Amino acid sequence: MTKPRVRKLFLAVAALAVAAGGTAFAVLARDRREVTTRSAEAYRFYRQGLENERRLYHKDALASYAKALELDPHFAMATVRLAGLLAGRDRDRAKSLVQCASQSREVLNERERLTLEIVEAELLAGEPKKAAERVREYVRRFPEDPEGYFRLANVLAREGKPDETLATYERLVALDPNQAIAYNYLGYYFLRRRDFVKGEDFFKRYRFLAPDQANPYDSLGELYANTGRYAEAEEHLKRALEIKPDFLPAVGHLGTVEACRGNAEGAVTWYRRASELAETWKDRYSFAGAAVMALLDAGRAEDALVLLDEVAVAAPAREGVDALVLRWNVARSRAIVLAIAGRVEEAEAELAGLPELPPDFDPKGKAALETSLSGPKAAMAVARGDLEGAVRHFREILATEAERGMGDFSYYPSIFRVRTRLADALVTLGRPDEAREELRPVLAVNPRFAPALEVLARIGGRSSATTGGAGR
Amino acid sequence: MTPAPPAARRRAIVVVGILGALIAAMSVADMFLPKAWDGVVPDTYAESGLQVRAVVRGGPAEGAGIRPGDTILGIGRRMLNTPAEAASELGRLAAGETVPYLVKRGEQVLEREVLLSPYRLGSASYVYYALLGGLFFGLGLFVYSRRARDEAAEVFFLLCVLFMLFFVCRLRPSSYYWIDWFVQVAGTLALFLLGAVFLHFFLLFPRRKVFRFAEARPGEDPPAAPLVYLQRFLNGSPALFVLLYTLPPAFYALQMAVLRRTGDRSVLVYGAPRANWILLADYLVLGLLALAHSWWTARERTTRRPILVLLLGTLGGIVPFVLFAVYFPSLFRDERYLAWGVVPMALVPLTFAYAIVRFRLFDVQVIVGKSIVYAILTAIVTGLYALAVVAGNALVSSRTLSPLFAFAFGLAVVLLVDPLRRRMQAVVDRLFFRDRADFQSAFRDISRQVVAQLDRGKMQQLLTERTAELLRLSRLDLLTPRPEDGALADPRRGDVSLPVGAALGRLLVERDAPVPLRDLDPWALDAPSRSFLKAQLERGARVLVPVATRGRLLGVLAAGEKKSEEEFHKEDLDNLVTIANQGALGLEVAALHEQLTRRAEVERDLEIARDIQVSLFPRELPRIAGIELYGVSLPAKVVGGDFYDFLPVDGGFDGRVALVVGDVSGKSIPASLLMVAAKEIVYARAMQDPEPSTVFRESNRRIYEIKRRMFVSLGYFLYDPVQLTLHYSIGGQPLPLVVRGGEAVELPAPVSRLPLGALRETTYDAKTFWLRRGDLLLFYTDGLNEAMSVESAYFGDERLKASLVRHSAAPLPEMAEEILEDIRQFTFGAEQSDDATFVLLRVTGAKPAPPGSV
């Protein structure tokens, strides 16, 4: 073969190789883009939104998805994501967004269609079972997609299957050990099970993978706050606020740190600040409630009452059952504050003025509301000097919590405070051993829980009660 | 010499060596490649995750607080599950970067900042390990290159390769890169095989180990069958080696299965199962015991010394290794003393190297140049001197002593240098050169004496007894051709012989090299060779060495086994060949000497014979009336077969006289003897009856009986002075010439002219020739007319006739001289091929002349 021929042949082969490579790349790239959009810029914002969502920067995520939709109004997945974020705040708008996304069904790929069906079942049809079934189908079809596992874990958690939830997260991290947010879920799973070592382990993995996010520091701060490692908690929470100054949970957990330290005034400051920063009334009410409890700890019952009233007044207008529940909650809280302030008659009047629950009220909800009255009753018993009655009511509260599996760690350590108050009453009644037993679970989790240590000091048996600490 | 391994195995060994060297080179090169390195030594065998087996001392990981036993969960904000992921992550990072590591230690999860280093070499210890590995490999390669066909050298090479892989690959600081996995696996394989090969080697070296604890002794009960089986098993049965090499992988598989089931990683030491380490140690200890046993049972001092040196060196290297690098970590999980175990291992290759240089171990001869050694010595001494001067100066300056001290000190050191060097030199000489020099001197001495010795017996003694003593052989026989039949046999014990033409003899000449008897296939030889071979084996011979020169087998050296019971090494065989060559030379010299002696004796005898023969010729020519006579006889050899004589048949020379000219076939002694006999026979017959035909007939019968196929040509001329006639018979002789009237013609020929002794019965007739005054007759044998020139042309009858005529006028003695001169000119220096005899007779008719001389 002559030299020019060889050269031509070589060029032809090279051209073919380049063409084949380009085609393969295009096909692969297309397959790898998991969402349908005509705008690369919109896609970029969509990715940004996903990232913000994983970082739990919901406000930023909302903005990113909104920007993506601006650039491509037919961007179905951005619409679906936005709806998911708005579902807790503005359900109607969320529904409307899902309906919009549904119109683009024909152009979506299978993955998107399944995602859309999940959201439609949850938001439009209100069929959680169907949604769960579609989620499972999604995982079956796309076993390599972490998104499916997140959704499945949510479904399982909602179905009350903690072990399967855990297994799902474990599968997720086995599939992709760099899914940072999965470690957050795993950490909380173990935190709720009082396995603080494992919880810390996962939170640290989370922090390792996402050191530029506020949430890992907040999660670790929360764990440290509740286990008595206040300095570390403070350090982490402040680091979270450095990264994102308006990161509400971190502010709230700084209040937790102070509350556990026994610095009620400090706790009030952080809770109030969190309440002020909160964007939703629900959050505001939650933090205000914590602030109220802290004010009571500080002996500022009147201030607590004022704050409570302020929040109650600011509550958005509600109707039907929602309004009734709000009324019960406000009244209960007021009764507690009034009782602790020594205004027992007013507290009694507050409870007496509670509206009747209608016969068709959800029995579970009704039972919960009625049980929640044990708090004000205990407070009133203490105010009246009926310590035996107080002990009984405190135990009713704890029994309820036991039934609920000791619940989450709330911003204000209310359950620990109930036990502490119970122990306090028992000490006054001259039953130190019982008091010590009541303190044991508290100190087992947080051996430096200041109110408990104060009671323990009254008992004079600190050493025996501090056994079985929570780790460090 | 252990048997040569098959070619396929040799090739496999070479491939293993090349692969081993490549892997080791890769490992070492990898250690020096600049790449992001964290100083973590991962556990290659961890089932999941990235477990830290060790951290390199002074490395980045140690600086960051990472400890052995930690599990690395993530590097650089990426979670990891395998070393490969870590390698990939580190590949993205650059040296000098500070990278977060997420580490799990027990229940705790820690984050550590690691400053990645551009070097992977954590400490100098790896350099040492690598050098040690290189030392082993170099030594093994050297031995194998010299002794590729020796099984022990082959196993030694394999052992050295494994030691190298073990040190370079197994004990290296490693990281996550694929190359680490690769070399670690190679190191683990080395760990598996090292102990087994070590033990295997010492079962072959210094000689194949043979256990004899279950041997039947005369008069005792036979040993128990299990003991016999055990002995057979231990004496190098294939099953032993199968077991030896199968145990380590079996232990590994078992331990790993247990590990998988229990998850108890404490069974791992340096990432490999503890059982394998312990097995390695056990094998090493057994190998040492085998070596110690060899030393204990060695009979010869020359054998014991190198084994003792090896034993001490190997003990010094292996025992600390077993203690600190195997048992301590395995039993107490304490790896702090690893270096204590590894550092002394250098003793093993160094001792082997020393033994090779000093004792020609493996039959490898290393010539260490004295000049090199002395140069090194001088350098060392000079270094010491410089050090001393520097130290002295430092001492002076620190204590502010007098500056004269430095000068005096320096002077003292200078004066001490030479004595010190000489002392060290003496030690080195003693260590390296004296034995060799002694041996070579003794060997040279024997060689010289063998060649110089002309006495066969003494030479035989030198060749056998002294050489056997020098080479430490149980026996050495020299088999030389037996005088009676030429068969090769030991003159001292001639019962075993190798007949001439036997196949073994031809084979020895063809090979022209030492032939170990066990390498010979008896069934490829003929029966005499087989029986010879069998007898030699029974006598304890192990090697046959041809003593040959120019393809001629002069003898055979039969060497018995070495007193050390070692195999014959190359140098032993070379020495035997040298001795055989010297022996061949000596035998030839001796043979030549004997030949010369014999020849001298023969010559002396010939001289005597010649004297006797000369005495048989007439001392004086007879004075016969009417004729003149002159006779000449020139034998071709010292003694010849020609003769002439004059017989006074009537009792005196005044009567009839018979002129006899004879020529016996053949030459030298036999011819001369027959000549004497023939002459006597003819004389005796002639005295009884001078008639020529009668003399011929009777003499013929008698000569025929004396010696067949030897003839006597004879001219018998009876001169009658009265009638002036010649009455004659001629058998086998040329006809005499007569010059008459200036012309030479032949006398008339009788009818029957057969030489005497040709046939038993024959008749001869006689002729009569009437002489005249002035006739000149020439009676001669064929040596005269058949004298040959250098071109192989005969002088011939015509030239003879012409010469005779030409000189016919001269007196007879001058005439004889002129004729001879003509012949000499014709032959022009060519060697005389036959006896030449002639008699001149001139008829004068006068009174007899005074007697002439012959």
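**A helix across a sheet**

Reply: Contact means heavy atoms within 4.5 Å. Helices (H or I, at least four residues) and strands (E, at least two) are DSSP runs, numbered from the N terminus. For the angle, axes are lines fitted to C-alpha atoms, for helices over the stretch in contact, and angles run from 0 to 180 degrees between N-to-C directions.

Me: Where do the numbers and letters come from, and what kind of model is this?

Reply: Residues are numbered from 1 along each chain as its sequence is written, while chains are lettered from A and ligands numbered from 1 in the order in which they are written. It's a predicted model, where local features need pLDDT of at least 70, side-chain atom pairs count only at pLDDT 80 or more, and totals for chains, interfaces and linings use all residues; side-chain values use heavy atoms, with hydrogens and water left out.

Me: OK, what's the strand order in that open sheet of chain B?

Reply: The order is 15-24-23-20-21, five strands with antiparallel pairing. Two strands pair if DSSP finds at least two bridges between them. Strand 15 (627-634) and strand 21 (743-746) of chain B are at the edges with a single partner strand each, so one side of each has no neighbour in the sheet. On average, neighbouring strands of this sheet are turned by 20° against each other, direction ignored.

Me: How many bridges join strand 20 to strand 23 of chain B?

Reply: Three, between residues 737-740 and residues 776-780, and the two strands run antiparallel. Val738(B), for instance, has Leu777(B) as its bridge partner in strand 23 of chain B.

Me: Switching topic: how much area do chain B and chain A bury between them?

Reply: About 1200 Å², with 56% of it on carbon and sulfur atoms. Buried area is the accessible area (1.4 Å probe) that two parts lose on being put together, summed over both. Arg77(B), Met79(B) and Val109(B) supply 51% of what chain B buries against chain A, more than any other three residues. The contact takes 16 residues from chain B and twelve from chain A.

Me: And how many salt bridges cross that interface of chain B and chain A?

Reply: The rule finds two, a salt bridge being a side-chain nitrogen of Lys or Arg within 4 Å of a carboxyl oxygen of Asp or Glu. Asp201(A) forms a salt bridge with Lys104(B), and their closest N and O atoms are 2.8 Å apart. Strand 5 of chain B gives the most to the side of chain B that touches chain A, with four residues.

Me: What's chain A made of, helices or strands?

Reply: It has 26 helices and zero strands. Buried residues make up 51% of its 472 residues. Buried means under 20% relative accessible area, exposed over 50%, partly exposed in between (1.4 Å probe, protein chains only).

Me: Where's Thr227(A)?

Reply: In the loop between helix 12 (214-226) and helix 13 (230-243) of chain A. Its relative accessibility is 6%, so Thr227(A) counts as buried. A polar atom of its side chain lies 2.7 Å from the backbone oxygen of Leu223(A).

Me: Last one: is Leu162(B) buried or exposed?

Reply: Leu162(B) is buried, with a relative accessible area of 7%. Leu162(B) is in helix 5 (residues 151-170) of chain B. Not counting residues up to four places away in sequence, Leu162(B) touches Ala190(B), Leu193(B), Leu194(B) and Val197(B).

Terms used:
Polar contact = N/O pair within 3.5 Å; in protein donor to acceptor, adjacent residues only side chain to side chain.
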